[in-house]
Amino acid sequence: MKNNEGDKGMKVVILAGGFGTRISEASHLKPKPMVEVGDKPILWHIMKLYSHYGYHEFVICCGYKQEMIKKWFADYYLHSSDITFDFTQKNKMIVHNNISELFEVS
């Protein structure tokens, strides 16, 4: 079902609380949704697919190692953009290439 531009408030709920026991080789240090495919976590790939079809609001139901999922989203802007830190000018941060997504994540 495609989300029309006029449909506001439709949220995608993603259950991301398992231990990842079937992929324990990859998930013993991080939660299963954060296991990387390419250079991005599985969770990001799922969200990109939904975003492609017009769904941009996500509720991630976390459990196991949820702090890693929260930290990844908190640091996404920093790690996805080209940035200069100028410590000679009161720790100024200059963003050169702003990479952003159409995601709203709770």
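Colleague: Starting with serine 80: which residues does it touch, leaving out those up to four places away in sequence?

Modeller: Serine 80 touches Asn97 and Ile99, with residues up to four places away not counted. Touching, or contact, means heavy atoms within 4.5 Å.

Colleague: What kind of model is this, and how are residues numbered?

Modeller: This is a predicted model, where local features need pLDDT of at least 70, side-chain atom pairs count only at pLDDT 80 or more, and totals for chains, interfaces and linings use all residues. Residues are numbered from 1 along each chain as its sequence is written, and side-chain values use heavy atoms, with hydrogens and water left out.

Colleague: Back to serine 80. Where is its place?

Modeller: Serine 80 sits in helix α3. Helices (H or I, at least four residues) and strands (E, at least two) are DSSP runs, numbered from the N terminus.

Colleague: Is serine 80 buried or exposed?

Modeller: Serine 80 counts as buried because its relative accessibility is 18%. Buried means under 20% relative accessible area, exposed means over 50%, and partly exposed is in between (1.4 Å probe, protein chains only).

Colleague: What lies 2.9 Å from a polar atom of its side chain?

Modeller: The backbone oxygen of tyrosine 76 does.

Colleague: Zooming out, how many helices and strands are in the chain?

Modeller: Three helices and seven strands. From the N terminus on, the order is β-α-β-β-α-β-α-β-β-β.

Colleague: And how much of the chain is buried?

Modeller: Buried residues make up 25% of the 106 residues. Among contacts with a separation of 6 or more, 60% join residues 24 or more positions apart.

Colleague: What does the accessible surface come to?

Modeller: About 7,600 Å², with 56% belonging to carbon and sulfur atoms. Such areas come from the Shrake-Rupley method with a 1.4 Å probe; for residues, only the protein chains shown count as cover.

Colleague: Next, helices α2 and α3. How do their axes cross?

Modeller: The axes of α2 (residues 42-52) and α3 (residues 66-80) come within 11 Å and cross at roughly 60°. Axes are lines fitted to C-alpha atoms, for helices over the stretch in contact, and angles run from 0 to 180 degrees between N-to-C directions.

Colleague: Which residues make the contact?

Modeller: Leu43, Trp44 and Met47 come from α2, and Ile69, Trp72, Phe73 and Tyr76 from α3. They divide into seven nonpolar, no polar and no charged. Here Ala, Val, Leu, Ile, Met, Phe, Trp, Tyr, Cys and Pro count as nonpolar, Asp, Glu, Lys and Arg as charged, and the others, Gly among them, as polar.

Colleague: What about methionine 34? What does it touch?

Modeller: Methionine 34 touches Pro41, Leu43, Met68, Ile69 and Trp72, not counting residues up to four places away in sequence. Its place is in the loop between α1 (24-27) and β2 (36-37). With 6% relative accessibility, methionine 34 counts as buried. Methionine 34 and tryptophan 72 are 38 residues apart in sequence, and their C-alpha atoms are 8.6 Å apart in space.

Colleague: New topic. How many salt bridges does the structure hold?

Modeller: Two. A salt bridge is a side-chain nitrogen of Lys or Arg within 4 Å of a carboxyl oxygen of Asp or Glu. One joins glutamate 101 and lysine 48, with the closest N and O atoms 3.0 Å apart.

Colleague: Where do glutamate 101 and lysine 48 lie?

Modeller: Glutamate 101 is in the loop between β6 (92-97) and β7 (104-105), and lysine 48 is in helix α2, so the pair ties together parts 53 residues apart in sequence. Glutamate 101 is partly exposed at 22% relative accessibility. Lysine 48 is partly exposed too, at 34%.

Colleague: Which side chains meet at 2.8 Å, N to O?

Modeller: Those of lysine 71 and aspartate 75. Both lie in helix α3, four residues apart, about one turn of the helix. Lysine 71 is exposed, with a relative accessible area of 52%.

Colleague: Last one. What is phi of lysine 65?

Modeller: Near 50°, a positive value in a residue other than glycine. Most residues other than glycine have a negative phi. Lysine 65 lies in the loop between β4 (57-62) and α3. Asparagine 91 also has a positive phi, near 55°. Asparagine 91 is in the loop between β5 (82-86) and β6, and counts as exposed at 53% relative accessibility.

Key. Polar contact = N/O pair within 3.5 Å; in protein donor to acceptor, adjacent residues only side chain to side chain.
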